[in-house]
Each structure stands twice: as structure tokens, then as C-alpha cells.
Amino acid sequence: MKLERVLALQGGGALGAYECGVYKALEEKGIKIDIVAGVSIGAINASIIASNKRGDAARVLENFWNEIAVTTPLFSHEGIRKAVAALQVSLFGVPGFFVARWLMPSLDYFLPFFWKNFYDTRPLRRTLERYIDFSKLPSSETRLLLTAVNVETGELEIFDSCRDRITVDHVIASGSLPPGLPWTEIDDKYYWDGGIISNTPLRAVLEKCSNGIDKKVYIVNLFPKARPLPRNIFEVLDRHKDIMYSDKIERDIERCKITNKTLKLISELLNQVDKEAAEKIKRTDVYKQIVKDSCMIYVTHITHSCEEVEFHFKDYDFSRETIREHIELGYKETIKILEKETNKAE
């Protein structure tokens with residue numbers, strides 16, 4: 001049975017390093033991704049994966065994260081270390097990623113109420129052009145899908161490497177989260193982060209890749225939906241962010257389940273009639289509309305289980321120690337899930 005393997009990558013700032021670890025494990029286990037869909041930081045990860053050769057993409061992706069990781073003060077208490085690291089990034093930015101506007105001279109420097117964003121992403125543009133070979137995307141073995149929101153219409157738009165000439169602007173547009181980052185202009189349209197509407201780009205896969213081929217979808221959840229009751233104000237803020245950005249695609253997944261059940265029912269019903277009648281039914285427009293482009297969807301969730309100490313600004317903690325922690329956790333948890341699936345199959 002032919003099966004397309006899909007990797008869906010969420011947005012989550014520094015937590016995107018966890019996705020790096022996930023892909024590293026998938027590549028090590030020999031799982032070839034046919035379609036990679038990303039939004040926000042997931043769009044950056046997805047673009048690096050799609051533009052590099054299989055077997056080499058994980059190394060390039062990890063190099064990217066090691067390059068943008070920031071050296072921050074070390075403290076014996078992990079909570080203090082992470083809080084200070086997030087504060088440092090908030091105040092000064094991340095070299096090679098974004099820089100705070102208050103550190104840059106401008107005509108409206110003393111008129112912040114007229115600003116439309118707080119950080120400048122020009123450093124990211126230069127970094128991405130070194131890690132992503134945009135000329136290879138149209139012929140890549142891995143199809144790339146990115147999502148962004150049209151600022152004026154409020155509609156979610158999908159950039160597809162099979163149909164669109166994806167550039168560095170498309171990648172940055174998918175991660176232009178306001179009010180921190182500026183919108184991105186492409187062909188006289190203005191875009192913000194696609195995660196504003198949906199932080200998991202499964203919808204893009206369902207809309208663009210319904211080709212009748214069954215799909216195995218790996219969804220990386222950076223913000224866990226279920227966690228213990230918060231014990232203090234810091235955990236309340238952290239829990240609020242988890243729920244706000246957690247996987248909001250239950251309807252899409254439910255749609256997949258209903259499609260799966262419908263296809264099974266149709267197959268069973270056709271087996272109950274004679275061959276001539278079955279062939280006649282298959283020629284009808286209704287049958288073609290329901291079955292022709294439909295496919296079975298099998299979903300595997302890889303959920304970030306959270307480190308021992310986390311804060312509301314965890315997506316701003318680009319410290320070298322935390323980035324390494326995220327990559328290792330993503331790798332270990334994915335290996336466990338893949339081994340569990342293998343054992344079930346056996």
C-alpha cells in the first residue's frame with residue numbers, strides 16, 4: 001500500500017529546537033518525509049528540511065539551531081537561568097534572528113506609539129539564505145507547505161512549493177508574529193504569522209494534498225494540552241500560553257476520522273453487491289466526489305512533555321543550554337514513540 005508521510009510543525013519560538021530533535025530521530029530511523037508543513041518557527045524548520053538532501057537535512061537543521069543559540073549567564077537555579085535568558089533575548093534580541101528596534105536608530109525612534117512592531121527580522125533573512133537553497137525547493141523530494149495570514153482579509157493562505165515559487169519572504173511571512181515582528185509584503189499583500197489562525201498546519205495538508213494516497217501524519221505538539229493545575233502566577237501564565245497555542249485541530253482530526261469511516265463503509269457496501277452494480281456505482285459523480293481524492297489519515301502525536309522548569313516566556317529562551325535541552329528531549333521522545341509503534345505493528 002502506497003503511503004505518503006507528512007510532518008506537521010507548529011510555531012513556538014525557541015521551542016522549535018524540539019522539532020529539530022524530532023526530525024533528527026525520524027531521519028535516523030529511516031522515515032522519509034514526503035510532505036513537510038510548517039508555520040512560524042515550524043516554517044523555518046520545514047523549509048530547511050525540504051531544501052536539503054534526505055540524510056543531510058537533520059545535520060543542517062541542527063547547525064542552524066546551534067548558530068542562533070545565545071550565550072547567557074549561568075545560575076545554579078534553572079528557573080533563574082531560564083528567566084534571565086528570556087529577559088536578555090527580549091531586551092536585545094537574537095543575533096542572526098531578530099534585533100530590538102530600541103537598539104537601532106530610526107526617524108521614529110522617540111515615537112514608539114507609531115511603531116507597528118518591536119523587532120527587526122533582517123538578520124533572519126541573511127541567515128535563512130545561507131541554510132535554505134530556494135532554487136532546490138521546486139524539485140525537492142519533500143513537498144513544502146507554509147501558512148500565513150493575510151493581514152487585510154484575515155484569511156489563511158497556503159504557500160506550496162509545487163505551485164508557488166517560495167522565497168525567503170514566504171518563510172518569514174509565515175513567522176511574522178505581531179506585535180513583536182513586522183508583517184511581510186509579498187506581491188502587494190501583507191502577511192502575519194499563520195499560527196494566529198491555526199498553530200498546526202494540518203489543514204494545509206488536507207486542502208492541498210488530497211490526492212487519494214493514504215497519509216501517515218506526524219504532528220509535533222510544542223504546547224501540551226493536558227498539564228497539572230498551576231501552583232503560582234508563573235505557572236498560571238505558562239498554562240495560559242499552553243492552552244492558547246496547543247493543538248487546535250480537533251475538527252480537522254475528526255474530519256479525518258469521519259473520512260476514514262466513510263471510506264470503510266463504502267468499501268463494505270460495495271462488497272455486498274454484484275460486480276456489475278459496483279462498477280456502475282463507481283462511475284457515478286457522487287462516488288467520484290467522495291472517494292476519488294479521499295484518503296485514509298493515520299495520525300501520530302509527538303508532544304513536548306516540558307522540562308522541569310518552564311516560564312511564560314519559554315518561547316524566548318534561546319540560550320545555548322535550553323536549545324540543547326529541547327533538541328535532546330525531542331530526539332528522545334520521538335525515538336520512544338517510534339519504537340512503541342514498531343512494537344505494536346509486530
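Q: Why is L91 called partly exposed in this predicted model?
A: The relative accessible area of L91 is 38%. Buried requires under 20% and exposed requires over 50%, so L91, at 38%, falls in between and is partly exposed. L91 is found in helix α4, residues 78-92.

Q: Why does I166 count as buried?
A: Its relative accessibility is 5%. I166 lies in the loop between β7 (156-160) and α6 (168-174). Among the residues that I166 touches, leaving aside those up to four places away in sequence, are F134, L137, L144, L146 and F159. The C-alpha atom of I166 is separated by 9.4 Å from that of S47, a residue 119 places away along the chain.

Q: What makes helix α2 mostly covered?
A: In α2 (residues 41-51), 11 of 11 residues are buried. Among them are I41, I44, S47 and S51.

Q: How do you know whether C20 and C162 are buried or exposed?
A: C20 has a relative accessible area of 1%; this is under 20%, so C20 is buried. C162 has a relative accessible area of 52%; this is over 50%, so C162 is exposed.

Q: How many disulfides does the structure hold?
A: The structure holds 0 disulfides.

Key:
Residues numbered from 1 in each chain as written. Predicted model: local features only at pLDDT ≥ 70, side-chain atom pairs only at ≥ 80, totals over all residues. Heavy atoms only, no water. Disulfide = S-S within 2.5 Å. Buried < 20%, exposed > 50% of the residue type's maximum accessible area, 1.4 Å probe, protein only. Helix = DSSP H or I, 4+ residues; strand = E, 2+ residues; numbered from the N terminus. Contact = heavy atoms within 4.5 Å.
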